[in-house]
Number of protein chains: 2
Amino acid sequence: MIKHLVVVGVGLIGGSFALDLKNQGQVQRVTGIGRGRANLETALKLGIIDEIGDGLASAAASADLIMLAAPVGAMPGLFAELAPVLPTTCIVTDAGSTKQDVIAAARLGLGARVHQFVPGHPIAGAETNGAIAARPGLYADKPLILTPLPENRAADVETVEALWRACGARVACMDAALHDQVFAAVSHLPHLLSFALMEELASRPLAEIYFRYAGAGLRDATRIAGSHPEMWRDITLANADALMHELDALGDKLKSVRALIEARDGQALEELFARAREARSNWLQGKYNE
Amino acid sequence: MIKHLVVVGVGLIGGSFALDLKNQGQVQRVTGIGRGRANLETALKLGIIDEIGDGLASAAASADLIMLAAPVGAMPGLFAELAPVLPTTCIVTDAGSTKQDVIAAARLGLGARVHQFVPGHPIAGAETNGAIAARPGLYADKPLILTPLPENRAADVETVEALWRACGARVACMDAALHDQVFAAVSHLPHLLSFALMEELASRPLAEIYFRYAGAGLRDATRIAGSHPEMWRDITLANADALMHELDALGDKLKSVRALIEARDGQALEELFARAREARSNWLQGKYNE
């Protein structure tokens with residue numbers, strides 16, 4: 001049982017985490033910290049948090065667990081603020097979409113006390129934001145990746161694991177570098193593609209006629225272009241090297257598709273489309289689940 | 001009232017067209033034509049068609065309306081088969097995703113009788129296939145583009161328009177070249193991207209770990225990679241020039257995104273993401289509807 005949970009960033013991710021833990025009787029009191037007063041007041045009204053914190057330093061002083069659910073670009077500042085006030089028994093965890101940069105920020109900010117930070121990443125994003133988007137059950141049967149540090153105490157990692165399991169998540173541990181490589185491919189690249197496609201079409205003289213007739217294909221392919229620009233700016237910069245590599249690889253693939261079109265090679269195109277379709281079908285049928 | 005409708009390709013598109021027209025009392029009898037016997041038997045059992053045709057030529061002999069809902073690559077063969085048997089009072093229409101190539105095939109196949117062909121394109125695709133996917137109401141409030149020929153009789157165009165309106169579609173007329181340019185951008189390019197992304201990820205050594213942890217972002221961004229490979233081979237080849245142009249433009253956009261990442265230009269990235277998000281929001285709020 002966590003007596004006092006502090007959530008920094010009470011949006012879809014942090015808010016849903018708090019709601020599930022309250023519903024499961026895993027926390028006594030939740031303090032919300034954030035930049036937007038109106039959002040925190042919404043969170044209070046919705047019962048996601050019990051009180052609005054008067055700054056991170058004062059809230060942290062009595063915390064047993066601190067969840068950092070802010071854009072990853074804000075992490076260095078948060079760790080620096082936490083360092084002088086963090087109780088020795090308090091565990092810090094996060095929900096950042098990139099892990100190596102957040103870990104580096106924690107090492108820099110927390111120094112010798114970095115062992116109190118257990119890095120995590122719930123795979124349950126959406127293009128909705130704010131406390132209003134939070135809901136119980138968001139994490140049910142969703143993957144939750146932990147990338148523990150060599151310095152972490154086993155008991156602290158187990159505490160964080162147990163809380164996510166209480167939210168219904170399927171917890172897995174992974175090396176932080178592998179995590180960032182995998183999510184560059186399956187999450188960050190698709191987001192960049194979706195943003196780029198939407199921005200490209202919207203910037204053209206024909207935009208008005210495009211969007212008058214565009215159908216469900218474009219709508220779904222660009223759903224994640226509705227995601228939060230600041231959050232994705234931070235993720236893109238945090239995982240910059242892996243993402244440039246991904247953009248190069250996809251650029252090469254698109255060039256090879258273009259070459260097949262130029263050669264009017266219908267058979268090779270059909271085979272490529274069929275491989276894509278089969279892989280997606282296998283994935284959605286759970287062939288890759290543990 | 002259409003006494004005898006012949007549907008060539010009784011799948012999602014052709015089947016749903018027949019179902020709606022039957023439900024609206026717009027047709028008396030529907031004959032289904034297609035390559036797959038099992039699919040036609042399903043269509044018969046589901047009441048989508050009243051009989052399985054004994055070949056296009058014999059079914060066409062008594063038809064008032066023929067709907068060609070086959071992959072666009074099959075159109076030249078269908079027009080050639082129709083030419084010698086097409087009754088002079090029969091209207092032919094289609095549901096092909098590209099229009100200039102289908103019109104060229106009609107001119108070649110039907111010759112002087114090309115005036116009987118009214119080209120159309122319903123914007124209501126999905127990644128599901130076959131008669132089993134057909135459903136009433138598929139076209140409700142969806143755009144339906146007609147690209148009439150100079151040779152068409154006004155009364156024939158009006159007949160086709162009226163039938164689609166009976167299905168609930170929002171009918172618009174457009175030049176065939178503009179149609180192909182617009183749908184290269186808003187439909188064909190997103191399909192190629194989705195296929196290419198999925199195939200790229202699936203072909204890598206890490207594919208298994210990718211798909212174990214991939215979330216809803218990739219799932220939605222690649223929904224259309226579940227589309228029919230043969231249909232999309234045909235569309236890609238039919239609209240090859242416009243699509244190569246689109247791939248080049250998107251390749252340039254991705255290169256400019258890569259350059260922003262390399263320069264760690266967070267502000268420009270955030271602004272690009274915000275433009276994409278705003279355009280999508282405007283689109284889905286109906287800002288571009290007539």
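In this predicted model, helix 7 of chain B touches helix 10 of chain B through B:S187, B:H188, B:H191, B:L192 and B:F195 on the helix 7 side, with B:W232, B:I235 and B:T236 as their partners on helix 10. Sorted by class, that contact comes out as four nonpolar and four polar residues, with no charged ones. The two helices, spanning residues 176–202 and 229–238 of chain B, pack at about 125°, and their axes sit 11 Å apart.

Over in chain A, helix 7 (residues 176–202) and helix 10 (residues 229–238) cross at roughly 125°, and their axes come within 11 Å. This pair is therefore oblique as well, and the crossing is left-handed. Here A:S187, A:H188, A:H191, A:L192 and A:F195 of helix 7 meet A:W232, A:I235 and A:T236 of helix 10.

On chain B, 89 residues are in contact with 89 residues of chain A. Putting the two chains together buries about 8400 Å², and carbon and sulfur atoms give 70% of that area. Charged pairs turn up here too: the count between chain B and chain A is 16 salt bridges. In one salt bridge, the side chain of A:K253 pairs with that of B:E200, at 3.6 Å from N to O.

How values were computed
Residues numbered from 1 in each chain as written. Chains lettered and ligands numbered in written order. Predicted model: local features only at pLDDT ≥ 70, side-chain atom pairs only at ≥ 80, totals over all residues. Heavy atoms only, no water. Axes fitted to C-alpha atoms, helices over the stretch in contact; angles between N-to-C directions. Helix = DSSP H or I, 4+ residues; strand = E, 2+ residues; numbered from the N terminus. Contact = heavy atoms within 4.5 Å. Nonpolar A, V, L, I, M, F, W, Y, C, P; charged D, E, K, R; others polar. Buried area = accessible area lost by both parts, 1.4 Å probe. Salt bridge = Lys/Arg side-chain N within 4 Å of Asp/Glu carboxyl O. Parallel < 35°, antiparallel > 145°, perpendicular 65-115°, else oblique. Left-handed = near helix turned anticlockwise from the far one by under 90°.
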